Amino acid sequence: MYAIVRAGGRQEKVSVGDTIVVDRIAGDSEGNVQLKPLMLVDGTTITSDASSLASTKVVAEVVRDDKGPKITILKFKNKTGYRRRQGHRSKLTRLRVTSIG
C-alpha cells in the first residue's frame, strides 16, 4: 500500500516507514504532520477521487529539521569592478510516514 501526497510544493510517493525530505513545515504539539493524499494504491485498487480521499489521512512524524546543501551565487561584470557573492541553504524537514488510512 502506498500513497502519492502533496508535500512542500512537490508530489512524493510514500508508504508506511518511508522517510522523506520536504520544505520546512511545523508539526503539532506531538510532532505529527498530516499530508494531503492525491492518490492511494492498495493492491489492485487505485483511489484518486477527491471525495473518497477526503476521509483518508497520511500521518508522518517529524524526525528532525535539516538544512539543504550550500548554494553559492556569484555575479560578475567585466571591466567595472562589480562583484557580488551570496550564499543560500534551504530549510528542510525530515519526515517519517507512520500511517496511511
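This is a predicted model: local features need pLDDT of at least 70, side-chain atom pairs count only at pLDDT 80 or more; totals for chains, interfaces and linings use all residues.
Colleague: Where does K57 sit, and what does K57 touch?

Modeller: K57 is in the loop between α1 (50–53) and β6 (58–67). Leaving aside residues up to four places away in sequence, K57 touches Q34, S99, I100 and G101. Touching here takes heavy atoms within 4.5 Å. As for T19, that residue is 38 residues from K57 in sequence and 17 Å away in space, C-alpha to C-alpha.

Colleague: And K79, why is that one called exposed?

Modeller: The cut-off for exposed is over 50%. K79 has 80% relative accessibility, so K79 counts as exposed. You'll find K79 in the loop between β7 (71–77) and β8 (82–88).

Colleague: What is the phi of K79?

Modeller: Positive, about 65°, although K79 is not a glycine.

Colleague: Why does D66 count as buried?

Modeller: Buried takes under 20%. D66 is at 15% relative accessibility, so D66 counts as buried. D66 belongs to strand β6, and beyond residues up to four places away in sequence, D66 touches R24, S90, K91, L92 and R94.

Colleague: What makes the D66 and R64 pair a polar contact?

Modeller: Their side chains are joined at 2.9 Å. The limit is 3.5 Å between N or O atoms, one able to donate a hydrogen and the other to accept it. At 2.9 Å, the D66 and R64 side chains make a polar contact.

Colleague: Let's zoom out. How many helices and strands are there in the protein chain?

Modeller: One helix and nine strands. Along the sequence, the pattern reads β-β-β-β-β-α-β-β-β-β.

Colleague: What share of the protein chain is buried?

Modeller: Buried residues are 26% of the 101. The chain exposes about 7100 Å², with carbon and sulfur atoms supplying 47% of that area.

Colleague: How far apart are the mean positions of the positive and negative charges?

Modeller: 19 Å, for 19 positive and 10 negative charges.

Methods
Residues are numbered from 1 along each chain as its sequence is written. Side-chain values use heavy atoms; hydrogens and water are left out. Helices (H or I, at least four residues) and strands (E, at least two) are DSSP runs, numbered from the N terminus. Buried means under 20% relative accessible area, exposed over 50%, partly exposed in between (1.4 Å probe, protein chains only). Accessible areas come from the Shrake-Rupley method with a 1.4 Å probe; for residues, only the protein chains shown count as cover. Lys and Arg count as positive and Asp and Glu as negative; His and the chain ends are not counted. The place of a charge is taken as NZ of Lys, CZ of Arg, CG of Asp or CD of Glu.
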